[in-house]
Amino acid sequence: MAQQVQGVIAPGKNEPVRVETIVIPDPGPGEAVVKIQTCGVCHTDLHYKQGGINDDFPFLLGHEAAGIVESVGEGVTDVEPGDFVVLNWRAVCGQCRACRRGRPWYCFNTHNAKQKMTLLDGTELSPALGIGAFAEKTLVAAGQCTKVDPEVSPAAAGLLGCGVMAGIGAAINTGEVGRGDSVAVIGCGGVGDAAVMGARLAGAARIIAVDIDDRKLETAKKMGATHTVNSRTTDPVEAIRALTGGNGADVVIEAVGRPETYKQAFYARDLAGTVVLVGVPTPEMQLELPLIDVFGRGGSLKSSWYGDCLPSRDFPMLIDLHQQGRIDLGAFVTETIGLGDVEQAFTRMHEGDVLRSVVVF
């Protein structure tokens, strides 16, 4: 039978979020109900609240989550009740042209649960990134559940569900950072710091963190940055070049998602270097670059979708590295909060006071 749980919804554009009773249907074919243990407060949830993604209000927010599979629908074999899972928002289909070419991280037909969660009055909810995990339980496609070591802290593991995976993957998967490379990361929030961590993991020799907030730069140093640049007071392009023998970095990761910072990334890379855009722009933003510079500087301009990750491959690997002490996923957890504290967490995130607030159930 359908269940009633508490969840956080965004009722309308820029309206305060509120806790409501959510109706969770029994899982249908290919679906699973997951009892949520933790869910991070991600900037993408704020985008949803502000109407920056689309206007399919009301949204059931939350997507950076870990929990326990409670029940599964017909035909589900990869997970079963009792499994500890991290939720992902790009459940690959295995059938599209990207999957058939052996590139499932680019899957063009990722899937979500087909049934809708609702309010008590029957109003259908739009789950953020197809997950909706600011709730005691949520309904997802079973392919959105990735089993990992149950001994890991749920608060740390759940962050792989979005921001941490996006940043680490931007460095390792998309940017293909290699041993001895120089890397610059522009924007040192949760995703940018994860990119710093990923660059360090990949063996980069020089990792330059760029931000306008000295507090964030100090945190980036703890994640592995070898140098920092405050771009409020220093030209970041010139500073990055000065730190790389006048050439520019081999890989520059833009974790802000704005035209002005993308241009900085473009000109701060070495000839034939790589720019990775992992920051998410808003629809109205426009970028203008001299085409001769695009040609003349060579190299690659890449966008990173979810760190170009394959959850079934990357989540367990990164959990293992965390358990071995080679990376510290827990370093991203600034505070743990309750379900009713999400609105205040958005404020703290916007003001740069936290890397991640994590809702604990």
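Glu343 is partly exposed, with a relative accessible area of 23%. In this predicted model, Glu343 pairs with Lys49 in a salt bridge whose closest N and O atoms are 3.4 Å apart. Glu343 belongs to helix H11 (residues 342–350) and Lys49 to helix H1 (residues 43–49), so the bridge ties together parts that lie 294 residues apart in sequence. Lys49 is buried, at a relative accessible area of 7%.

## Further salt bridges

Arg356 and Glu64 form another salt bridge, with 2.8 Å between the closest N and O atoms. This pair links distant parts of the chain: Arg356 sits in the loop between H11 and strand S18 (357–360), while Glu64 is in strand S5 (residues 64–72), 292 residues apart. Arg356 is buried, with a relative accessible area of 7%, and Glu64 is buried with 1%.

Helix H11 also holds Arg348, whose partner Glu335 lies in strand S17 (residues 335–337), 13 residues apart. The closest N and O atoms of Glu335 and Arg348 are 2.8 Å apart. Glu335 is partly exposed at 21% relative accessible area, and Arg348 is partly exposed at 24%. Elsewhere, salt bridges with shared partners join Asp213, Arg215 and Asp353 into one network. The whole structure has 13 salt bridges.

## The chain as a whole

The chain contains 11 helices and 18 strands. Among contacts with a separation of 6 or more, 69% are between residues 24 or more positions apart.

Key: Residues numbered from 1 in each chain as written. Predicted model: local features only at pLDDT ≥ 70, side-chain atom pairs only at ≥ 80, totals over all residues. Heavy atoms only, no water. Helix = DSSP H or I, 4+ residues; strand = E, 2+ residues; numbered from the N terminus. Contact = heavy atoms within 4.5 Å. Salt bridge = Lys/Arg side-chain N within 4 Å of Asp/Glu carboxyl O. Buried < 20%, exposed > 50% of the residue type's maximum accessible area, 1.4 Å probe, protein only.
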